[in-house]
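Subject: Structure for your review

Dear colleague,

Please find below the structure that I am handing over to you.

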Amino acid sequence: MPVKRIFDVLRLALRDYSHEWEMSGCFVLALAAVLAPMMVLFGLKVGVVGSMVEGLVEEPRNREVRAVGSGHFGPDWFQAMRERPDVAFVVPRTRSLAATIQLKSRTARRILPVELIPSGEGDPLLSRGSRIPTQPTEIVLSDSAARRLKVKAGDKVDGSLARRFQGRNERVHVELTVIAVARPAAFSREGAFAAPALVVAAEDFRDGRAATEFGWEGQASPEGPRTFPGFRLYARSIYDVAALRDSLTAEGMDVRTQAGDIDRVQSMERNLTAVFWTIAVIGLLGFSFSLGASLWANVDRKRRELSVLRLVGFRTGDIVWFPVLQALFTALLGWGVASLVYLGVEQSINRMLASQLQQGQSVCLLLPEHFMVAVVFTVGSAVVAAGLGGFRAARIEPSDGLREI
Amino acid sequence: MEQEHSTASPVLIYHLRGVVKTREAKGSAFRLVVPSLQIALGEKIALIGQSGCGKSTLLDILALILRPTESAAFRFRPEPGASPLDISKYWKGKKLNWLGDLRKQRMGYVMQTGGLLPYLSVRENMTLSRRLLGMRDDGTVDSLAKALGIHRHMERLPGLLSVGERQRVAIARALAHRPSIVIADEPTAPLDPISAKKIMAIFMELVEQMNITVIVASHDWKHIQRLGLRRLAHHTHQKQDGAITETTVTG
């Protein structure tokens with residue numbers, strides 16, 4: 001179909017459409033009236049389920065796998081865990097009694113004992129973009145520890161460890177730099193995220209061994225690879241937790257996870273999604289039928305005019321384009337109106353429930369791709385319905401259409 | 001016209017032989033039979049008869065918008081120098097687009113009422129065919145409008161015009177692209193007798209000036225008798241207890 005003929009049909013279709021603006025407006029409104037509630041329904045589904053899942057995924061605690069009791073985990077085991085695709089983060093943990101340090105700041109009078117938490121690149125408890133302790137003298141303080149010590153990122157604190165070694169009480173000091181303060185939800189007690197080197201040195205010192213990195217004296221470390229009694233382990237996503245738990249259990253380990261909670265939320269999500277889809281499918285069917293019926297009826301109404309066009313020499317193929325183009329206008333305008341209505345409703349729903357939401361969360365939410373899906377679906381149904389109607393109009397002999405009253 | 005008749009073998013625009021169209025409705029059937037019909041280029045033909053006698057059916061067949069049930073021969077010559085085209089072959093081959101193109105280039109059609117696109121101005125309605133054919137404005141449209149007395153309404157929509165004015169626009173549209181033939185189905189039927197007479201006279205004058213063959217259906221011979229049209233003979237009779245109405249047209 002050459003460009004000129006397309007242009008001829010497009011021009012006439014547009015002229016007819018705007019000439020009958022009242023009728024066209026009715027079609028557009030009818031379409032928007034069905035589409036807008038569907039979009040709100042979908043927005044609610046995406047928003048409610050989305051923020052529920054997001055909460056679940058965002059909360060690293062839900063991804064943690066904890067060992068119950070202590071074991072012997074060597075470098076090979078940690079290497080193997082690191083290589084698993086379902087593991088996001090794993091770091092060795094020393095004996096919990098040895099993983100403490102006493103901190104003293106210049107601004108607070110009290111000496112504060114804090115837990116040492118081995119950390120490293122990709123620690124899920126430390127938010128993305130936050131600094132990670134990589135040097136042995138760097139720490140990230142938990143929010144409560146920072147408040148008790150009255151320090152902020154960049155401050156220096158004095159860390160000290162005590163032991164009873166060869167009948168004498170010993171104490172060593174190390175100057176630590178607070179490179180960041182973790183968000184309150186990361187760790188509720190007083191704690192310090194530290195590079196594994198510091199945590200290991202603290203355990204060595206307490207065990208009477210030397211920590212050469214810090215110049216602490218003691219007995220030489222035993223030969224052979226070091227084993228750890230525990231670990232901090234996080235699955236890549238909440239969906240990997242159950243499988244990871246099962247595989248560790250199969251290794252003979254006793255582990256604790258949030259898998260039960262995750263299952264509950266996931267099954268709720270599934271049920272909610274099923275309910276939404278049931279409503280959505282019924283709604284979409286109704287939408288397609290109402291759109292199809294109105295466009296089909298419109299083609300019937302215009303049979304005589306279409307016949308006149310054939311009489312002046314428009315081809316059958318061109319005639320089909322006529323209602324299809326008009327349906328396209330209706331679909332695009334209707335979608336536009338529905339989108340505007342939806343955006344208004346979205347704003348009011350989210351504002352209404354703003355007090356019960358966390359920052360950045362919304363009850364009603366559609367992403368740009370959802371709008372695209374809506375327009376593609378609308379245009380698709382409209383074009384199919386009008387195309388079928390137009391084809392029927394084009395198939396009748398032009399003389400039949402002309403003589404209709 | 002007298003001259004054309006006097007030539008030994010006039011150049012025919014239409015040549016039909018054994019063309020039949022059967023239409024069936026509940027309990028009754030209608031049959032149009034054309035044993036033989038020859039129309040010469042430039043002729044002015046009148047098809048006279050009461051409504052329901054099959055005039056429109058014949059016109060639609062001649063306008064290539066109605067497919068004959070049977071046809072032994074159906075030839076149409078698009079222009080004087082061209083050789084005749086076998087229309088029945090195109091119907092059989094379902095070449096509807098091809099017939100559409102032929103209609104677009106060679107034919108004008110005036111309907112009994114309306115047939116104008118309500119969303120286009122009078123001028124746009126008149127230039128519709130020219131525009132589709134990519135013809136440039138050469139003043140034909142304006143002189144037609146002047147001749148038909150509708151030049152004051154060129155930029156209006158047809159809905160604002162009287163019935164008589166609309167029929168004038170329809171006539172102008174049928175002539176605007178200088179077709180070989182114009183077919184008019186009772187073009188003046190909705191008008192009062194005085195306007196009807198006047199418009200028909202202008203119409204016939206225009207086709208003569210533009211050397212266009214014309215076929216006009218009408219139920220009133222008196223009106224157009226004096227305009228020099230050749231009347232096609234036809235008779236209608238009922239067969240088989242009125243179940244079939246058959247009209248035979250020859251000419």
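**The open sheet of chain B**

In chain B, five strands make up an open sheet with parallel pairing, in the order β6-β7-β8-β3-β9. The edges are held by β6 (107-110) and β9 (230-231) of chain B; each has a single partner strand, so one side of each is left without a neighbour in the sheet. Please bear in mind throughout that this is a predicted model.

Helix α8 (residues 163-176) of chain B lies across β6 and β7 of chain B, and its direction is at about 170 degrees to β6(B).

**A buried helix in chain B**

Helix α2 (residues 55-62) of chain B is largely enclosed by the rest of the structure, because eight of its eight residues are buried. The buried residues of α2(B) are B:K55, B:S56, B:T57, B:L58, B:L59, B:D60, B:I61 and B:L62. After α2(B) comes B:L64, which has a positive phi, near 65 degrees.

Chain A contains eleven helices and ten strands. Of its 405 residues, 34% are buried. Among the contacts in chain A with a separation of 6 or more, 78% are between residues 24 or more positions apart.

Six strands of chain A form a closed barrel, β3-β4-β8-β5-β7-β6, in which the pairing is mixed. From one strand to the next, the twist averages 45 degrees. One of the pairs consists of strand β4 (residues 112-118) and strand β8 (residues 191-194) of chain A, which run parallel and are joined by four bridges. There, A:P118 has A:A194 in β8(A) as its bridge partner.

**Helices α1 and α9 of chain A**

The axes of α1(A) and α9(A) are 9 Å apart, and the two helices pack at an angle of about 50 degrees. They are therefore oblique to each other, and their crossing is right-handed. On the α1(A) side, the residues that meet α9(A) are A:R5, A:V9, A:L10, A:A13, A:D16 and A:Y17; on the α9(A) side they are A:D318, A:W321, A:F322, A:L325, A:Q326 and A:F329. The residues of this contact comprise eight nonpolar, one polar and three charged.

Leaving aside residues up to four places away in sequence, A:V337 touches A:V28 and A:A32. Between A:V337 and A:A33 there are 8.9 Å in space, C-alpha to C-alpha, although they are 304 residues apart in sequence.

**Where chain A meets chain B**

The two chains touch through 19 residues of chain A and 22 residues of chain B. On the chain A side, the elements that give two or more residues are α1 (3-19), α8 (303-311) and α11 (398-402). The largest share of that side comes from α1(A), with five residues. By type, the residues of chain A that touch chain B are six nonpolar, four polar and nine charged.

Yours sincerely

How values were computed
Residues are numbered from 1 along each chain as its sequence is written. Chains are lettered from A and ligands numbered from 1 in the order in which they are written. This is a predicted model: local features need pLDDT of at least 70, side-chain atom pairs count only at pLDDT 80 or more; totals for chains, interfaces and linings use all residues. Two residues are in contact if their C-beta atoms, placed from the backbone, lie within 7 Å. Ala, Val, Leu, Ile, Met, Phe, Trp, Tyr, Cys and Pro count as nonpolar, Asp, Glu, Lys and Arg as charged, and the others, Gly among them, as polar. Axes are lines fitted to C-alpha atoms, for helices over the stretch in contact, and angles run from 0 to 180 degrees between N-to-C directions. Angles under 35 degrees count as roughly parallel, over 145 as roughly antiparallel, 65 to 115 as roughly perpendicular and the rest as oblique. A crossing is left-handed if the near helix is turned anticlockwise from the far one by less than a right angle, and right-handed if clockwise. A residue is buried if 20 or more other C-beta atoms lie within 10 Å of its own, exposed if 12 or fewer, and partly exposed in between; C-beta atoms are placed from the backbone. Two strands pair if DSSP finds at least two bridges between them.
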